[in-house]
Amino acid sequence: MKVVGQARRRVDARAKVTGQTRFADDVVLPRMLYGKLLRSAHPHALIVEIAASAARAAPGVHLVLTGADFPTAYGIMPVSQDEHALCRGKVRYVGDPVAAVIAASEREAADALALIRVTYEPLATIASPEEALRTAEPRIQDYGEGPNLHRLAHFAFGDVEPALAGADQVFEDVFFYQGSTHLSLEQHATVAALDADGRLTLWSSTQTPHYLHRELARALDMPAHHIRVIATPNGGGFGGKSDPFNHEIVAAKAALVTGRPVKITLTREEVFYAHRGRHPVLMRLKTGVRQDGTIVAMDLETLLDGGAYGSYGPASTLYTGQLQTVTYHVPRYRFRACRAFTNKPPCGPKRGHGTPQPRFAQEVQLDKIAVALGRDPADLRLQQLAPANSVTANWLTIGSMGLKPCIERVVQGSAWRERRGQLPFGRGLGMACSSYLCGAGLPIYWNEMPHSGVQLQLDRSGRVTVFCGATEIGQGSDDVLAAIIAEVLGLETTDIKLVTGDTDLTPVDLGSYSSRVTLMMGNAAIQAAERAKAILSASAGQKLGLPAERVAFADRRVFDVENPSAGMAFQEAVVAAEVEHGTLGTTGSYRPPRSAARYRGGGVGPSVAYSYTAAVVEVEVDPATGWVRVSKVWIGHDIGRVINPVLARGQVEGGVYMGLGEALMEEQAFRRLPPRLSSALVHKIPSMLEYKSPTALEMPEVVTYFIEDPDPSGPFGAKEVGQGPLLPIAPAVANAVFDAVGVRVDQVPITPDLVLAALGAKAKGKSGRVGPEAFPAVPWPEALVVPPPWEGGNGKAINEPAKSRDALPTHHSGTAGVKV
Amino acid sequence: MSPRRDARKARIALTVNGEERDVVFAGYKTLLEVLREDLGLTGTKHGCELGECGACAVLVDGQPVLSCLLLAVECAGADVTTVEGLARGPALSLLQAAFADKGAAQCGYCTPGILVTAQALLERKAHPTRAEIAEALSGNLCRCTGYLQIFEAVEEAARAEPHAQGPAAGRPHVRTEAGA
Ligand code: FES
Ligand code: FES
């Protein structure tokens, strides 16, 4: 292949190094106004009154909006339509927006905000899921599967109890994975304007223009086809720009009311409160094994701190368990999950969405099992890998499975067999593995349309323009799209003109989330390009006197595959086709196949393919200070096929970096102010300085191995690389710390004080383990019983409740903008 | 309108990317705001406006400076270089070209600040070690790359033969891409 697999300058590189990339806050329009949001200083309170007349009269102010202007609820998921652009009647976390000022300048808007008087009636607050479990009233949301419990799930994939009872050994641990935030360098920004025809256009830093489009139509009560959403290139996303956000809807409304363009850019502090980041998750994991460490059953409970709103929560909840079966063969599996509401900014999807937490639990526990049984952790894993082309206990269909070579490469590269357990005190090696989706099998809202669409347009100049709704968030989706079209048509990526992420111009792509873009957009692009190639082959073949099958495309030429000198320039082939057919255009689309999981909740987890990753991390632990320094990382990733090695490696290194941040320092942490100050739950550290993230000085050397075993369902065999490489990092660090100094830190971040506490306990003859002690009692519902394939199951629950789909009230069905 | 403190305008002359500029702006504005809002140079970014992320770095008299922390009124007579001033005509500088080739810009949001900071490093030290590069860039956060491809790009630019193209506009490291 001439393009796929070759190291290339990405198609948008020039714009990025010259400062020409136009991010949302770079959009400047004539007569533009600026908006600012007034955010609640209370974590939980009724809004008694909003006095805004002084703000309305302030200099430069054009408009003041409150919750009264936004009667319609919205939310990313059909089952959690619990947000209003500005709060109505109640605030639920410090930072919840209650009013907005639109003024001639940002400064005047900010000055006027200070003139708005809001009278609150404070309510009792809930700071943690444990508190939520104990507190029935007051309720943060008026829906859910229990008071202050958003979602409760219980799956029995086979009966784990007898399996655990029959196991040679049962290991039980409680783990905690702290919440963290995306910290995209770009603060969210949006510009809304009425176009010359009076329709609404919104430029926004969003990863999901299609979903934003739908939610704008709902929240503004406008037909969707009168709204255009343009996803500007995101200055980093990582999941943090996947929800429809308050400021987007406020700016749109303000543009409609004032008739002027309106920009809202969040401050960094506001971004910390907008959040939607990693859920803090408490986990209890019980695993039964045979004497050689082979898993016979696994029993996992997870408790998620959801924050104050639903966001992607119903999906996040199920992701804390559903992917536990795709790395190792788990014959029987019970999974129970609970997402609680708390008076904190809502959590949502962050790189790895719900799966890094249970992966940490599973991979650290496996290390403990290996140590207890005297096995090499690498061998323990290798002996029980989930087979390729198999179906798991919870009915996920695995296609290609390259974890074995991933493990072998990192074992070899790190000299694991010679060095693990052999390094001097203070230095250690740790291993962990993981797997991730290549696109969620189902869209956010139920429909049977394609998940990704591509249109190609060609004309006599030789121009090839590709239209696709996919969104460039830095991951390189534009480059992948250009590469695939170029590969099929024998062109260079720089020959392809791209139009992406624009709901007026491009066919729908569901968005840059769940590592879906390369696979889904890529397959749609191949289909569109192959159709164009067929048209061009026939016309060029006629001119060359050849059957279409003998016509080949490469080096910007169309030629006889048996006699390459006989041919024509690509552009001449387009001319020939335009003479024969008139205006040229093709389309392609992709929808993943139906999953084998047919039980309620089985929509979360299925993917047409899974990527696999193994990592070995080397650490140096200073026993005097507890400081953990990561000196080197070896990582093997089963990517199926590399489209652009430069970008693929960048995704791996970026994932390792982000995983190290979560492993060692990042915390979206809150504290309750003393009662005399309001008992508010405030973010401890809503600034980039105090929210610790790794800098250039902390980044270790990373050795990356790609395993290329093309997956038949991926474009040219490609699988994902954007999220998977983050997942093994935190557990590998924890396991390396154990190898280095013999203590277990069963939670992240692994901060120096925790390491010191564990070392101190060990020195006193105690266990040398720090981490959460207990998992609270959760009112688990009755299990949904789904027999695994090897126990005669058919993918359905044998006790499926009669009204299964969406027990919660749903306002969603039909298309955007159509009220039901 | 009442003569409010914020509304008072300031006027300064300065050199931006080699051009004399005379600019009138609200006196409270930072250099970052004046560059982006009053001079239309949106290439320089902001991630915090509190001096914490490095996205807003520009060169003032050759030194990297966080433009969000500097009042524009303090820049009278200064020589300011932003990302827009790195290329010469249509050709990328060697540093820009190396960033493009090595994958040093993913989302590209940190890139303008990192480019000018690295530029200043190379002007100070033609062949920095990796530790020196990391040290120089330790105030510039990048959330996408994990920094390694950025280090490689700076090394690549440093390796490129300094005399091959000759200095552009008197700046030793603003050399342009071969053949471009
Ligand atoms: S915007 Fe200046 S340092 Fe962040
Ligand atoms: S490339 Fe995105 S922050 Fe650096």
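Student: Which residue forms a salt bridge with A:Arg218, the closest N and O atoms being 3.3 Å apart?

Tutor: This is a predicted model, in which local features need pLDDT of at least 70 and side-chain atom pairs count only at pLDDT 80 or more, while totals for chains, interfaces and linings use all residues; side-chain values use heavy atoms, with hydrogens and water left out. Residues are numbered from 1 along each chain as its sequence is written, and chains are lettered from A and ligands numbered from 1 in the order in which they are written. A salt bridge is a side-chain nitrogen of Lys or Arg within 4 Å of a carboxyl oxygen of Asp or Glu. At 3.3 Å between the closest N and O atoms, the partner of A:Arg218 is A:Glu215.

Student: By about how many helical turns are A:Arg218 and A:Glu215 separated?

Tutor: Helices (H or I, at least four residues) and strands (E, at least two) are DSSP runs, numbered from the N terminus. An α-helix has 3.6 residues a turn, so residues three or four places apart point the same way. A:Arg218 and A:Glu215 are three residues apart in helix 6 (residues 209-220) of chain A, and therefore their separation is about one helical turn.

Student: What is the relative accessible area of A:Glu215?

Tutor: Buried means under 20% relative accessible area, exposed over 50%, and partly exposed in between (1.4 Å probe, protein chains only). A:Arg218 counts as buried at 17%. A:Glu215 is buried too, with a relative accessible area of 2%.

Student: How many residues apart are A:Lys350 and A:Glu666?

Tutor: The side chains of A:Lys350 and A:Glu666 meet in a salt bridge of 4.0 Å, N to O. This pair links distant parts of the chain: A:Lys350 is in the loop between strand 15 (333-340) and helix 10 (356-373), and A:Glu666 is in the loop between helix 17 and strand 28 (670-672) of chain A. Both residues are buried.

Student: Which strand of chain A holds A:Glu618?

Tutor: A:Glu618 and A:Arg427 form a salt bridge at 2.8 Å, N to O. The pair ties together parts 191 residues apart in sequence, because A:Arg427 lies in strand 18 (residues 427-437) and A:Glu618 in another strand of chain A. A:Arg427 counts as partly exposed at 31%, whereas A:Glu618 counts as buried at 6%. The strand that holds A:Glu618 is strand 26 (residues 610-621).

Student: How many salt bridges does the structure hold over all chains?

Tutor: Some of these contacts are linked in a network, which includes A:Glu161, A:Glu172, A:Arg284, A:Asp299, A:Glu301, A:Arg334 and A:Arg336. Over all chains, the number of salt bridges is 63.

Student: How many of the residues of helix 17 of chain A are buried?

Tutor: Helix 17 (residues 645-664) has 20 residues and reaches 28 Å from its first C-alpha to its last. That is close to the 28 Å expected at 1.5 Å a residue, where the expected span is 1.5 Å times one less than the number of residues. The helix is mostly covered, the buried residues being 18 of its 20.

Student: Which peptide bond has omega near 0°?

Tutor: A cis peptide bond with omega of about -10° joins A:Glu137 and A:Pro138, and A:Pro138 is found in the loop between helix 4 (129-134) and strand 7 (149-157) of chain A. A:Pro749 lies in the loop between strand 32 (747-748) and helix 19 (752-763) of chain A. The cis bond with omega near 0° runs from A:Val748 to A:Pro749.

Student: Is A:Ser515 buried or exposed?

Tutor: A:Ser515 has a positive phi of about 50° although it is not a glycine. Its place is in the loop between strand 21 (496-500) and helix 15 of chain A. At 14% relative accessibility, A:Ser515 counts as buried.

Student: What is the relative accessibility of A:Asp555?

Tutor: A:Asp555, also a residue other than glycine, has a positive phi near 50°. A:Asp555 is located in the loop between strand 22 and strand 23 (557-560) of chain A. A:Asp555 counts as partly exposed, its relative accessibility being 48%.

Student: What percentage of the 180 residues in chain B is buried?

Tutor: Chain B has five helices and five strands. From the N terminus on, its elements run β-β-α-β-β-β-α-α-α-α. Of its 180 residues, the buried share is 59%.
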